[in-house]
Amino acid sequence: MLIKKPSDIPSSEITPKSLYMDRRKFISGASLFGAALATGACEMVKPSGVAHANTKLTTIQSQFSTNETPTPLKDITNYNNFYEFSTDKYGPAELSRNFRTRPWTVKIGGAVKEKKTYDLDSLMKLATLEDRIYRHRCVEGWSMVIPWVGYSLSTLINQLQPTSKAKYVMFTTLMDTGQFPGQRSGVLDWPYTEGLRMDEAMHPLALLTFGLYGETLPNQDGAPVRIVVPWKYGFKSIKSIVKIDFVDYEPPTAWNRAASNEYGFYSNVNPDVDHPRWSQKTERRIGEFRKRTTLIFNGYGDQVASLYNGMDLKKHF
């Protein structure tokens, strides 16, 4: 169940930086780190990691936030699945230090009334930026609560005026082997691509994201622009987007191409669909040792379940 925060709570009160920066570090054994395999988009603490200095963003509090305590910034920015930089989860924080996010453009193509290219500033100014505290679920059993900053993806889509041929939205990450050393490997078929059905992309929970904790995105977390789809596993929330296409076919996605038996197109959080190598029935929140029961659609079922009426969610996983 999604619990809304009162609208009069200022974003500065989500978690004061003076508190979260001094929190006790989450310590986990080697066996726990070993469970974090190649597939999700979770982050965990690394004591010597790098967190980039970011720019403050002007935001308003969103009606869509949960009332759960956000995961500390240190944990979000120091253990990252960002294969464009490295398959080593400790690598992206350091390797992304000099990643260039300016100038940055996002090219819009496909079945829209007018194809166009946005620079980053223009894209950010399309709507008021909101603080949204979302649950974030990782395939291999980890979860976080992240205070993202952005606006509903539907705001951009409505401005673009897709035609009747637009059935899906396809996203593409920057391809740049000079800046992304991981793209020199064959671990995935680069560039990274992801997709949503049009009604999924239009859902108000789907977020075009520019920051977290009230500041611009750290490089290792998908700067300068990514999407966040909170009822799906983290790898669906594609990072460092440079292209958005509206298409009439189900677009190929990076992890589905790599292992179609493990990662379906929909990738909804569903405790009744096990990964071939582990159960999805429980999760462990970063900073906690006890396991939680995995919630269908990551706890957003009241909001999104109707999108999948009549579908076999074990077949369309």
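Between which two elements does the loop that holds Ser267 lie? Ser267 is found in the loop between α8 (254–258) and β12 (282–285). Helices (H or I, at least four residues) and strands (E, at least two) are DSSP runs, numbered from the N terminus.

## Basis of the report

This is a predicted model, in which local features need pLDDT of at least 70 and side-chain atom pairs count only at pLDDT 80 or more, while totals for chains, interfaces and linings use all residues. Residues are numbered from 1 along each chain as its sequence is written, and side-chain values use heavy atoms, with hydrogens and water left out.

## Backbone features in the loops

Phi of Ser267 is near 55°, a positive value in a residue other than glycine. Ser267 is buried, with a relative accessible area of 4%; buried means under 20% relative accessible area, exposed over 50%, and partly exposed in between (1.4 Å probe, protein chains only). Gln161, which is not a glycine, also has a positive phi of about 55°. Gln161 belongs to the loop between α6 and β6 and is partly exposed, with a relative accessible area of 41%.

One runs from Trp190 to Pro191, with omega near 0°, and Pro191 lies in the loop between β6 and β7. The other joins Ala223 and Pro224, with omega of about 0°; Pro224 is in the loop between β9 (215–216) and β10 (226–228).

## Helix α6

Helix α6 comprises residues 153–160, and Leu153, Ser154, Leu156, Ile157 and Leu160 in this helix are buried. These residues cover an arc of only 160° around the axis, so they are on the same side of α6. The arc is that of the directions from the helix axis to the C-beta atoms. An α-helix has 3.6 residues a turn, so residues three or four places apart point the same way. Just after α6 comes Gln161, with its positive phi of about 55°.

## Strand pairing around β2

Strand β2 (residues 105–110) pairs with strand β3 (residues 116–119) in the antiparallel sense over 4 bridges; two strands pair if DSSP finds at least two bridges between them. β2 and β3 form a hairpin, with 5 residues between them. Ile108 has Lys116 as its bridge partner in β3.

β2 also pairs with strand β11 (residues 241–247), here in the parallel sense and again over 4 bridges. The bridge partner of Gly109 in β11 is Asp245.

## Aromatic pairs and charges over rings

The whole structure contains 15 aromatic pairs. Rings of Phe, Tyr and Trp (its six-membered ring) pair if their centres lie within 6.5 Å; planes under 30 degrees apart count as stacked, over 60 as edge-to-face and the rest as tilted. The ring centres of Phe82 and Phe85 are 4.9 Å apart and the planes stand at 80°, so this pair is edge-to-face. Both Phe82 and Phe85 are buried. The rings of Phe85 and Phe180 have centres 4.9 Å apart and planes at 75°, so this pair is edge-to-face. Phe180 is buried, as is Phe85.

Phe82, Phe85, Phe99, Trp104 and Phe180 form one aromatic cluster. Lys239 lies over the face of Phe82, at 4.7 Å from the ring centre, and Lys236 lies over the face of Phe265, at 4.4 Å from the ring centre. A charge sits over a ring if NZ of Lys or CZ of Arg is within 6 Å of the ring centre and within 35 degrees of the ring normal.

## The nonpolar core

The largest nonpolar core has 78 residues, of which Trp231 and Phe246 touch the most other members. A nonpolar core is a set of buried Ala, Val, Leu, Ile, Met, Phe, Trp, Tyr and Cys residues joined through side-chain atoms within 4.5 Å. Strand β5 (residues 142–152) gives the largest share of this core, 6 residues.

Not counting residues up to four places away in sequence, the residues that Trp231 touches include Glu200, His203, Phe297 and Tyr308. Contact means heavy atoms within 4.5 Å.
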